[in-house]
Structures are given as C-alpha cells and as structure tokens.
Amino acid sequence: MLKFLIEKEFKQIARNSFVPKIIIGMPLVMMLILPWAANQSIKNVNICVVDNDRSVFSERLINKIASSGYFKLSDAASSYNSAMKSIESGSADIVFEIENGFEEKLFRENAARVMISANAVSGIKGGLGSSYLASILTDYAAELREAYAKSAVIANTAIPTFGIAAQYKFNPRLDYKVFMVPALMVMLLTMIAGFLPALNIVGEKEAGTIEQMNVSPVKNHIFILSKLIPYWVIGFVVLSLCLVLAASVYRLYPSGSVLTIYLFAGIYILIVSGFGLVVSNYSNTMQQAMFVMFFFVMVFILMSGLFTPIASMPDWAQNITAFNPLKYLMQVMRMVYLKGSSFSEMIPQFLALGAFAVVLNGWAILCYKKSS
Amino acid sequence: MKQFLAFVKKEFRHILRDKRTMLILLVMPIVQIILFGFAVTTEVKNVNTAVFDPSKDAATRQIIEKFKASPYFIVTEELTDFNLINDVFKYGKVSLVVVFSENFADNMLHTGEASVQLIADGTEPNQASTLINYASGILQSYQQEQMERYNAPFQIIPEIKMLFNPQMKSAYNFVPGVMGMVLILICAMMTSIAIVREKESGTMEMLLASPIKPIYIILAKAVPYFTLSVLNLITILLLAVFVLGVPIAGNLFWLILLSLLFIFLALSLGLLISTLVDTQLAAMLISGMALMMPIMVMSGMIFPIDSMPTILQWLSSIVPARWYIAPVKKLMIQGVAVQYAAKEFIILAAMTFFLIIVSLKKFKTRLG
C-alpha cells in the first residue's frame, strides 16, 4: 500500500511544472550567490576630512588614513557643519576633524586632539570604523616618536607602549563563507522540506482529492508516511547537491565526518516535514498554510543564530530559541564543518532533534482526521 | 466608476469572509516585529573571557580590572598554563582569551617589547571581530592613560562621537530592515494569489466576460490588500516607537508617504507574480519562499551592501526592500531632510510603475 502511495506522491511532484524547478533551482541560486553577499565585515568606510591645521603633519596623517585600504576619502570639507551634510546625504560615514594648531601642539604640549564623529545608525560600522581610525592614530604617533627618537625630549622620557595582536581560532582568516555556507544548507533544507509538505495536504483539501483518501482503507500513519518519505528523499537530494557545491565552488570540506551530517540532517528533515504536515492538517486553505509556515520559518531562521548570534539576544528570546530545531542542526553543521566535532560531542543536539522528530510526527499522525 | 466600486466591494467580501486568514495577516506582523526587533541584534555583552597572565604585575592587573569593569566582558577563567587555551576554546567555555607577555610592566616602560595577544573564537566571525575591537579599545585606552601619566611626546588624542545613536543600540540599525522585510513579504504574499486563485477556481472567465477593463480588475484586487497593509504599517510604526524604542527623528509625513509607496510596490510585485503563474502553489512558493532569502540577505537589512562584491551590489539594486530600508534609516533615525532620500523615492516609484505595466501586459484576457 505504502509503496503505491509514495509512487503517487512522486508522480504528482514530477508532474507539477514548478516544484521540480524549485527543488533544483533554489539550492543552486542560494549556494552560488548568497555566500558572497552574506558578509558582515566592514569595508570601504567613507571618511570626510576637515583639516583645520593644513600642516605637514596633518597632511601626512590624512595620507596614512587614505592608504590604509580600509577607508575611502570621500571628500574634504572646510568646516564641521559642511562635513555633516555629507553624513546626512550618506556620502560619508565618518567625519574626521583635525584641530587648528595640531602640529604645533604635538611639539609644544606633547598632545594634540582630533575628533572622530561616526554615523552610528549601524553600530558595527560606526564602532569598527572609529576604533580602526583610532588605531591608525596610535600607529602614526609611534611613527612620529620614531622619527624624532634622537631628540632630547624623547630620549629622556619613558614611553609606555605595548603591541596588540589579534588571532582567530578555528577560522584564522575570519572567512564568512566557512561560517555561512553550512548554515545556508540548513536554511535550504528548512524551506524545501518545510514549505512543500505544508502545502501538500491542504492542497488536496482544496482540490477535493482528500475525500478519496478519506474513504480508502489507508491508515493514518501510512498516509502520513506516504507524505513524509518523498520529502525525506528530496531533502537528501538537496543536501547532497549542497555538499557537492560547497566542495566544488568554495573548497569547503567538513573537518568532521560526512556521515554525521547525513545522520543529523536525516532527523532534521523529518522534523520540518512533520511540522509542515501538522500545519497543513490544521489549515483550510493553502494561503493559511503558507502564512503560518512562513511565520514559523522566518522565526526559525532569524532566531537560530544563523545571521546574528544567539548570545546577543535578550534572555527571554534566548529561552525561545530552545524550541527552535533549526538552531540545533545549524550548531551541528558548523561544529562539523569548522571544528571537526564528532558525534559524541553533539549528543545534546541529537537528543533535542530526536525529541522534536518524535513529537511533531506523532502529532501529524494524530491530528489527521478522516472525518470532519 | 460604479463598476469599479462593485468590484472593490466583492474583493473586500472575499477577504473579510475568511476570518482566520485575516487574523493571521493582522497578528503576524505584530509578533514578527516584536520578536525580530529584539532578537535580531549583534550587540555584544557579558562575553566569557579567559586571561593568561604570567607577569602578574601592576600593569596587567590594571588591565584585567578594566576588562572586569567593562560591560562587554566577564573574566571567568584565569589560566595557569598556556596550553590550556586550546581546551577552553574547544569546550566552548570562553569566546576570548587575553594573553599577556612576560615581564609586562617592565617591558612596557623600557624595552617596548611588551605585548598582549587577543585570541577570539572565529567560528562566529562577526562576533569575533566585534570582541577583538572592544578588547583593543580597552587596551588602547589603558595605553593612552599611561602616555598621559608619563607625559609622553606626540600623543594624538581622539575624541570619538557616535552620531544619531550614541548608545549604539542595535535596534536602530535592524528595526528599519525588519520593517521593510515584513512589509514586502506579507504584502506580496497576500496579493500573489489574488488573480491566480480566480484562475484555479474557474471564476476568472466570469471576470473576463464582464465589461470592466483589465486594469480595473487588477486595481480592484489591490485596494483591499492596500487597506490591510496600511493597518499593518500603522501597527508596525507604533510598535517600533513604543515597544522597540526606535525614535522617529524625522518628518512623519514623508516616512508614511515612503512606506505607502513601498506597500504599493509590494502589492504590484504580488500581482505580477499572480499574472505570471498558473497555480496557487507556485504563486505562494515564489512570493513566500523564493523572495525571502534575497530580501533577508541582499537588502542591506543584516549584511551591509558596501561590503558585497561589486556584481552583487548591482544585483542588490533590484531588491526593492533595499530602497526602502536605506531611506527609512535616514528619515526615521537620522532625521535628515527629505531631499536626501529623493533618489530612493524616485527608484521606488519607477519600480512600481514598471511592475504595474508588466502585470498589465502579462495579464491574459483570453483563457487556455
């Protein structure tokens, strides 16, 4: 019985003019384009300079900033107020103002002030930009000290300095692709193995074909299984396609075992498909099913740590993420890809995912009613 | 006109009849704005930090105190052995390790060979770079204090001012993005099935046989959804201001006008999808699933567009949400004059015009 029902599902999927395209097209587009865009590193910070000093020192400082490769000198303004216009129009992100008498003060008073005003609507851009600018200033001051090292003032004073070096564990070049690609795979699985089943049963309801199912002697669990298994197979196809793309396009290979990935993904697909079927059972129209599914998928994605870290969320939101299956698989994928973790280190995730799978699919079977 | 109004009334009834969908449409944006407004953030605080300090002198102790006093870091471990660093990372106990060189204070003052190494867990690149940034900031401010104390020559002292967002709230950056994303997706999803549902249920023939012009059929479908979207917009703006604490620093009139234009654009996008496909399934999958990813990733909502490769920057210009999120930041948070958002207004209007023309062209007045 099950065999024929599954055959029917596959035929329906293959016959649809749109679904096969999306099963192959989505992974290709998402895996080929999105990793290049999903990058939170800050580049090309536009800086507007107000040089009130116009001395050799201030000019050298400006050149040093321009040649850092991090900042682009968008324009030079004659006053702070006109520089603010560039910030308001969006052509500059930071105004850098050098005080009048900068050079003289450095010689006479040992210290001179500069002002950094950053557009902090994006806290990351404003924060990283201004602190990077501050570190260029430190470097420049050190260069000046070196240049005048022989002068009497410097030789006689202690100059407290220490070097600061940064290092990144597990991802030394801070490559965003290593971080995003495994997570994008999880997102793809969620969408394809979640949306399609969600629209399935309710689609039969709208088309009226569910009646024929209801009068047949097919048992509930057989019916749900026949809906589940095709998407499980599709999920594996999508996952394999993703793994191949990750290896061939981005040269990303899991440091851990591929089998672990398949094991966890296998459970995960059951979870999202089961969830989709539950939604489908409770909906009257495809529109309803789609909206509910859309709502949950968005919540799953944005509250999983995929784009922004869970640690940054407020505590109540962090508690909600405990009920987010996507979070667990994403942790697993990143652990396997980046840290090479083995199964024994991921038992908590395994238990959580297992529980989700049992509960949701049990629910899908129980809430399917043949008579209304 | 009378015919048109009758059509609008019919469409309203279609929507009002389905109470469940209505409820979903009105409640969903509220929940999403609240959830994402709070949860989509990159703020870093209370990060577990380990310290390896072989010097244990006045200077290192002062630096460690500064770390402890900072809201960003909690010093949870004081390592006794350099080799333990690998372990604390592997078990995920800390996200940052601060390693001092030996004889730190002495070297700092005399040889210039003192150094601090900051090691961050790079599995979350964004968090890692922010951590390193904050930690370097603490170290630099300590160095600056020492310079002043010893009156060292050639000090350049920066005064840093954060404009528009002095408390560096992440919500200021993300809430406009969440608004744009929720609006466009929900509006497009609502309308995308409007025409295709009539095709699937066979009632399209009747509409086509009626004397009303195609453009009115399409417009009549947009009116009730537009009304719903305006309701959503009002709740979203109220939530943004009163729940999420994002101010409206600029002119409310222009902000609303911009949002209405954007809603109209989103509805036209939905209608276009509706004219292009034959089944509700396809319409829903395109508007709900296929649009979601590009909008999340390419609109500048989470990932800055400046940092993308040039080709993708071009590609992102066809994502309508990009042209809404950027001016909302300007009008709502920076509070600048409207002429600075003129470009975005023009682009949104042009996109809307284009979508409507194409949907009219694609709208088939013959079946089969």
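## Close-up views of a predicted two-chain model

View 1. The model you are looking at is predicted, so local features need pLDDT of at least 70 and side-chain atom pairs count only at pLDDT 80 or more, while totals for chains, interfaces and linings use all residues. Residues are numbered from 1 along each chain as its sequence is written, chains are lettered from A and ligands numbered from 1 in the order in which they are written, and side-chain values use heavy atoms, with hydrogens and water left out. Helices (H or I, at least four residues) and strands (E, at least two) are DSSP runs, numbered from the N terminus. Asn46(B) has a phi near 50°, a positive value in a residue other than glycine. Most residues other than glycine have a negative phi.

**View 2. Phe164(B) is another loop residue with a positive phi.** For Phe164(B), phi is near 70°. This residue belongs to the loop between strand S5 (155-163) and helix H7 (170-201) of chain B. Is Phe164(B) buried or partly exposed? Its relative accessible area is 23%, so Phe164(B) counts as partly exposed.

**View 3. Arg113(A) touches residues of chain A and of chain B.** Start at strand S4 (residues 111-119) of chain A, where Arg113(A) lies. Which residues does Arg113(A) touch, leaving aside those up to four places away in sequence? They are Glu99(A), Phe102(A), Ile157(B) and Glu159(B); a contact here means heavy atoms within 4.5 Å. Arg113(A) is partly exposed, because its relative accessible area is 39%. Gly101(A) is twelve residues from Arg113(A) along the chain, and their C-alpha atoms are separated by 9.6 Å.

**View 4. Arg145(A) is a buried arginine in a helix.** Look along helix H6 (residues 123-147) of chain A to find Arg145(A). With a relative accessible area of 8%, Arg145(A) is buried. From C-alpha to C-alpha, Arg145(A) and Ile159(A) are 9.4 Å apart in space, and they are 14 residues apart in sequence.

**View 5. Gln349(A) is buried and touches several residues.** Helix H15 of chain A covers residues 347-367, and Gln349(A) is found there. Why does Gln349(A) count as buried? Its relative accessibility is 9%. Not counting residues up to four places away in sequence, Gln349(A) touches Phe264(A), Tyr328(A), Gln331(A), Val332(A) and Met335(A).

**View 6. Stepping back to chain A.** Chain A contains 15 helices and five strands. Its C-alpha trace spans about 100 × 45 × 40 Å along the principal axes. The radius of gyration of chain A is 29 Å, whereas a compact globule of 372 residues would have one near 21 Å; the radius is taken over C-alpha atoms, and the globule rule is 2.2 Å times the number of residues to the power 0.38. Of the 372 residues in chain A, 58% are buried. Among contacts in chain A with a separation of 6 or more, 78% come from residues 24 or more positions apart.

**View 7. Stepping back to chain B.** Here, too, you can trace 15 helices and five strands. Along its principal axes the C-alpha trace of chain B spans about 95 × 45 × 40 Å. Chain B has a radius of gyration of 28 Å, while a compact globule of 368 residues would have one near 21 Å. Buried residues make up 55% of the 368 in chain B.

How values were computed. Buried means under 20% relative accessible area, exposed over 50%, partly exposed in between (1.4 Å probe, protein chains only).
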